[in-house]
Amino acid sequence: MAPTPQKMITGRRKEAVARVRLVPGSGGFSVNGRALDDYFSTRAHRVVVQAPLRTAGRDKDYDVVATIRGGGVNGQAGALRLGIARALIELDPELRDQLKTEGFLTRDAREKERRKYGLKKARKAPQYSKR
């Protein structure tokens, strides 16, 4: 018994959180109620987002409905990519090996380092003055 395609799957990257749902359709995208081209103006970000679907050969089989909060454009694209890859595995567990070898299932854990007191940024010290 296959799981229902209406389940929301979460993808995260930096501060961005994407909630993704794959619906049987013709390959359309709805990101926060907008088309993919409107939401991600850069072609590189659109390629990143569509990569899991293209790798699995399902780019014309499902419509992607997603809501993204937090982070910047780069983090949001990475979060959406992870969410789509996880949603594809929910629908077809046999795709796991293929997506894993491409690195789409790895959660990029790099986060911004916190600022320390006495420093200007996380590691940048104020300019040294001898006199």
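Student: Which residue forms a salt bridge with Asp92, and how far apart are the closest N and O atoms?

Tutor: A salt bridge is a side-chain nitrogen of Lys or Arg within 4 Å of a carboxyl oxygen of Asp or Glu. Here Asp92 pairs with Arg58, and their closest N and O atoms are 2.9 Å apart. Asp92 lies in the loop between helix 3 and helix 4 (96-102), while Arg58 is in the loop between helix 2 (43-56) and strand 4 (62-69), so the bridge ties together parts that are 34 residues apart in sequence.

Student: What should I know about the model and its numbering?

Tutor: This is a predicted model, in which local features need pLDDT of at least 70 and side-chain atom pairs count only at pLDDT 80 or more, whereas totals for chains, interfaces and linings use all residues. Residues are numbered from 1 along each chain as its sequence is written, and side-chain values use heavy atoms, with hydrogens and water left out.

Student: How are helices and strands assigned, and how many are there?

Tutor: They are DSSP runs numbered from the N terminus: helices are H or I with at least four residues, strands are E with at least two. The protein has four helices and four strands. Their order from the N terminus is β-β-β-α-α-β-α-α.

Student: Is Asp92 buried or exposed?

Tutor: Buried means under 20% relative accessible area, exposed over 50%, and partly exposed in between, with a 1.4 Å probe and protein chains only. Asp92 is buried, at 18% relative accessibility.

Student: How many salt bridges does the structure hold?

Tutor: There are nine. One of them joins Lys7 and Glu90, with 3.8 Å between the closest N and O atoms. Lys7 is partly exposed at 47% relative accessible area, and Glu90 is partly exposed at 32%. Another bridge links Asp59 and Arg54 at 3.7 Å, N to O; Asp59 is partly exposed, at 27%.

Student: Which residues are linked to Arg13 in a network of salt bridges?

Tutor: The network links Arg13, Asp108 and Arg110. Arg13 belongs to strand 1 (residues 9-13) and is buried, with a relative accessible area of 13%. The side chains of Arg13 and Asp108 also make a polar contact of 3.5 Å. A polar contact is a pair of N or O atoms within 3.5 Å; within protein, one must be able to donate a hydrogen and the other to accept it, and residues adjacent in sequence count only if both atoms are side-chain atoms.

Student: What else does Arg13 touch?

Tutor: Contact means heavy atoms within 4.5 Å. Leaving aside residues up to four places away in sequence, Arg13 touches Gly75, Gly78, Ala79, Arg107, Asp108 and Arg110. Across the protein, 67% of the contacts with a separation of 6 or more are between residues 24 or more positions apart.

Student: How does the radius of gyration compare with that of a compact globule?

Tutor: The radius is taken over C-alpha atoms, and the globule rule is 2.2 Å times the number of residues to the power 0.38. A compact globule of 131 residues would be near 14 Å, but the protein has 18 Å. Its C-alpha atoms fill a box of roughly 75 × 30 × 25 Å along the principal axes.
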